[in-house]
Amino acid sequence: MEPLHHTEIQGSGSRSGHTPLSLAVPDQARDLDPTADFLQSIQIEELVSSDDSRHHESDCIREERWEELAALLLERSSQVLDPAESSRCMMRAAQVYETNLGDTDSAFVVMLVAFQESPATLDLATDLARMATVHNRWPDLLTECKKRLPEVTSAAKRAEMLVAMAGWYQKDLGDAAAAEEALEAAMAANPSNSQALRALVELHGQRGKWLRAAAYLTCSSGNAADPAKAIELALEAAEIYRERLHDMDSAIEQYTRVLERSPGHPQATAALAELAWVRKDWTVALPLLENMAGSAKHALDESARIWHKVAWSAQMLGDMERARAGYRRSYMALPTYLPTLQSWSQLAGTQGWWQDVCQTVPCLLSEAGDRLTVSERANHLFALGKAHLALRSAEAAAEAFMKALELAPNLVVAREALIEANARIEGRGPENATALIEQHRRLLEGKISPDERFEYLCRVGRLQREELNDHRAALETFLQASILRPDDADVLHELVEIHTLNGHWSRVVDVLERLVRLSSGADKARYLVATANVLNYELESPVEAVDLYNQALDENPDDQRSFERIQRILTARQDWRALARAQRRMIRRLGANPSPDKRSWLLSLWRGLANLCWRNLRDLPAAAAAYEVCVSLAPDDAQYHEALAKTYEAQGPATFSQAVKTRERLLATSPNADEAAKHIRALANLYRGQRRYDRVFCACGGLSVLMKADVRERGYYENNALPSVPVATSMLTEAQWQGCISSAREDRRISQLLAAVSAGVLMSRVQDAAAYGLQPSHRRDPTDQRSLLGRIFVYVSRFIGVPLPAVYAPPSAPGEIDLVVLQEGSQPVLAFVLGRDLTVGRSDRELAFFLTKRLVGLRADRCLLWPRLVSTRGELRAILGAAIQLATPGYKLPEADSAAVRQYLSYLRRVLPTAQMAPIASAIESLLAGPGRIDLDGWIAATEETANRAGLLACGDVMASAREIVKEARVRRSRPEDAILALVRWGVSSDYFDLRTQLGLALVSDEDKTPLVTRNYPTY
């Protein structure tokens, strides 16, 4: 703003000449404005600076050159840098214009300029208001201020001007709406202007608009940069919400903000705690109250009050120990604080804190005085007596009970407690019991309810029985009580005990029968057992006892001891049929699917029933049925299978097939030769009884191989053994092969897949005969019947359905037999190379077994097992993995060599015809879809077992078969026992016997009746 010069102010209407200071303010103005007297009293020297360099101003004052002085002050105001000093200079200039020169217009203009520069100066706003009032210039003042507002670039100064204008509107002009508008504009210009905020809050409060006032405070609190200011505004807003608007939620929100900015703020903490207390929000109130009680220092009564609230909040939250600690702190602060005494004593009584009751109740009774009713005082005294009684202070307890009865003579519980206290004081014993009985009898003589009479009679009866040992008197008393409550279980128990002590067993039974009628479930079962025990052990009525034990088991099937009593009673009476009925009844109680913890009991029940039916009742079908259940419950327990087999065997021809199946099942799981021999001998006996002599012969042969045959069995085998290889009347079919000979462990999916790719693998093994050192002269005719070897060769080939291969017999060929793949024309041909050791040391039957196994090895699913064709199992696994990948690319067979798999896969894709891929894909789909892993090693072992079976069937001699297995084991450096045992098991199986009959190999048909062979069979 440009500096105001003296000439400018004169041009605006100032009067010329010098006006004395005393005449500067008109009389009318002095009458209107009391400040005129103040201006008149100002010393002129105060209008100039004290700086010695300003002599010119002093001269103007002394010489009353007021216009020049005003000009100098205005010039000085434009030169100083301090806004406050500049404003003071302009105010003094305005005073000179108004007071000494009487130029109010110039004074008004100067004051406006000073106000624009420093609107926060209170004296400026006050002087402007005074001048506008005295000279009736309010419109000019307000208009000029509004005009100058846009010129003020500082938002803070603009807000200060608006605040000052709002003060004029409200205090001088009485226009609250305009004042509110100005204040809102000030807040919009500078939200941090505290004067505007305070004025708005005060204005809205005067007008009753507390919600708007609170909103301004809340907003300002959130925008305040100073944390202390923000807390102050939030507290003020919270108080308005709480006291003026009764909006507790908003108040809580503001108090919470305060605590967020200043944790532990005393005022906010106290306010929030009070609000939570009023709203019964104990979860919020408790920590706040604890903070107040622990951190602040209060007067004793205030501290006691706060700790009482802490304790009550904890009690309402169920934290009784925390409540107890709070009550103690309140009591320590002020022992006479009545609310604490009342609450603490009540809580202590309900929680059994008897020491606390003894501490609080006397103080409560002393402090409360007449404020407690007679009933309340009596109840407090009764609680005090209970506490003393619990603390084993019988004298103090009796005193408290007496005082309670003085106040409330009809307080029955106090009378009863007094009796108990007196009993403790006097000590236990007959004399004390007699006194107590007399006290109870006096109570019985009074006017009491039937329930009270019943209770007193029970107490008297117990005292008579326990203390006086007077069973007769106790019995009479309890009988009187039973008249009042005939179905009371406690009284009936007392009667049972007394009758038991007196030995009145019939009466015991009568009372127990009443208890049985009144009870159910486990209780009823217990009473039934007790009654049955009395009948069994005391009254010698075991039959009635068994019936009651059964009834008890119907109620509680878990009572194993009661069933054992039934077993002992019926066993002692040798009532086997009744015992069997009891067993079956118990089995029905447990059900078909009992819990795992009862399965062993169920199994023992079935075993007991089976043994009972077999040994005592001789009911073999029933015994077999029971053992069948035992087998189903414990399928892995051989003893039940053994017992079942014996029951079948004991029944004769009717159960012959079941007996055979059971023995075969036992034989299949027998772990060693001894166990196997036991079952084979049992099978031999079964077959002998049915005159199935071929089966007896095979069983004796198996026992002989296992070296478990006795002289008779060994002789039977040797006497009936054929001298040479038997000749079958019909050839083996594929159905018979798969159904009877093939091992159950043989995975047919693997067999199918290897059979599909074996032709392709054989193509890679084709060589000329010369590569093997074979000459045309070495070739032999396999159908030549002139030699025993040729005859057996042809027979076995036809018998098992495998075409004869080409046969070479080089004179110097080592070993026994080998397989090679020769190129004859365009087709590969399998050929046997016979070694010089083939027939050395072998009988014709051993040779038949050996050749059968080698011819079985020519089957498409087994030919890859020849070492000449596939040397290792790893290579065979690679071939299988490659075969799977033909239809399932990416599949990786576990443990297969990836490089070898890739090589075979590439080869098979080249050589296998397209028509062969369909069966390969079908086999692979079946293999991968099946459960479990692909067990190639298990398949190889199973094929060996199948080949042994075929060899036994062809040679007809289990001994010769065993000798050949031993030779093979020596070559392989393995143990032959398992293979021999497996072959012997199959050699006495129904599958083997059926095949022998179907193929005409049985020594004696089922219709033959002679024990020894009487017909000649064709042999080689």
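With a disulfide taken as a pair of cysteine sulfur atoms within 2.5 Å, the structure comes out with zero of them. Cys-698 is also buried, at 8% relative accessibility, and Cys-145 is buried too, at 1%; buried here means under 20% relative accessible area with a 1.4 Å probe, protein chains only.

This is a predicted model, so to speak of local features takes pLDDT of at least 70 and side-chain atom pairs need 80 or more, while totals for chains, interfaces and linings use all residues. Residues are numbered from 1 along each chain as its sequence is written, and side-chain values use heavy atoms, without hydrogens or water.

On to the strands (DSSP E runs of at least two residues, numbered from the N terminus; a pair needs at least two bridges). Strand β4 (residues 827–834) pairs with β2 (residues 806–808) in the parallel sense over three bridges, with Val-807 partnered by Phe-832. With β3 (residues 817–824), β4 pairs in the antiparallel sense over eight bridges, and Glu-824 stands opposite Gln-827. Two residues lie between the strands of this hairpin, where Gly-825 takes a positive phi near 70 degrees.

By class, the lining of the largest pocket has 18 nonpolar, seven polar and 16 charged residues (nonpolar: Ala, Val, Leu, Ile, Met, Phe, Trp, Tyr, Cys and Pro; charged: Asp, Glu, Lys and Arg; polar: the others, Gly among them).

Definitions and conventions:
Helices (H or I, at least four residues) and strands (E, at least two) are DSSP runs, numbered from the N terminus. Buried means under 20% relative accessible area, exposed over 50%, partly exposed in between (1.4 Å probe, protein chains only).
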